[in-house]
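Reader: I would like to learn how to read contacts between charged side chains in a model such as this one. Could you take me through them slowly?

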Amino acid sequence: MLGDSTPSNSTCNHAEEIRKLKAEYKSTVEELHSSNSKLESSVAEKQAKIKLLQFQLKSTKADLTESLQKKDLLIKSLRSDLESKSDQLAYLMSKIHTRS
């Protein structure tokens, strides 16, 4: 038996087990690689969406800031007009009271 050139059954069984384990390992690695590729694609897609939303937010913020500044100027102008008219009304009311 020591001089036999044919492998024993236990050696054949180990070789078969190793082949099966290699096949399972290869299959698992391929699945993980596929899953990883899908995740990378999903992350890249979401990063692109985030960049788009950040740009839209920045643009909207600039538009709203500009609009708010215009409305603030309008309010100041209207307040000035109101104070002027209030002063005129007070003056006219004092004229009416002095004539009476």
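Author: Let us begin with a single pair, keeping in mind that this is a predicted model. The side chain of Glu16 makes a polar contact with the side chain of Arg19, at 2.6 Å, and the place of Glu16 is in helix α1, which covers residues 9-99.

Reader: What does Glu16 form with Arg19, beyond a polar contact?

Author: Side chains of opposite charge can pair when their charged atoms come close. Glu16 and Arg19 form a salt bridge, in which the closest N and O atoms are 2.6 Å apart; the cut-off for such a pair is 4 Å. The two residues are three apart in helix α1, so Glu16 and Arg19 are separated by about one helical turn.

Reader: How many salt bridges does a search of the whole structure find?

Author: The search of the whole structure finds three salt bridges, and the pair of Glu16 and Arg19 is one of them. In another, the side chains of Lys70 and Glu66 meet with 3.4 Å from N to O; these residues both lie in helix α1, four residues apart, or about one turn of the helix. Lys70 counts as exposed because its relative accessibility is 53%, whereas Glu66, at 41%, counts as partly exposed.

Reader: Which residue forms a salt bridge with Asp72, and how far apart are the closest N and O atoms?

Author: The partner of Asp72 is Lys76, and the closest N and O atoms of this salt bridge are 3.6 Å apart. Asp72 and Lys76 are four residues apart in helix α1, which means that about one helical turn separates them. With 37% relative accessibility Asp72 counts as partly exposed, while Lys76, with 51%, counts as exposed.

Reader: Turning from charges to nonpolar side chains, which residues make a nonpolar surface patch?

Author: Leu89, Met93 and Ile96 make a nonpolar surface patch of about 300 Å². Taking one of its members, Met93 is found in helix α1, and its relative accessible area of 41% is why Met93 is described as partly exposed.

Methods
Residues are numbered from 1 along each chain as its sequence is written. This is a predicted model: local features need pLDDT of at least 70, side-chain atom pairs count only at pLDDT 80 or more; totals for chains, interfaces and linings use all residues. Side-chain values use heavy atoms; hydrogens and water are left out. A polar contact is a pair of N or O atoms within 3.5 Å; within protein, one must be able to donate a hydrogen and the other to accept it, and residues adjacent in sequence count only if both atoms are side-chain atoms. Patches are made of residues with over 30% relative accessible area and no salt bridge: like charges are joined within 9 Å, nonpolar side chains (Val, Leu, Ile, Met, Phe, Trp, Tyr) within 5 Å. Accessible areas come from the Shrake-Rupley method with a 1.4 Å probe; for residues, only the protein chains shown count as cover. Buried means under 20% relative accessible area, exposed over 50%, partly exposed in between (1.4 Å probe, protein chains only).
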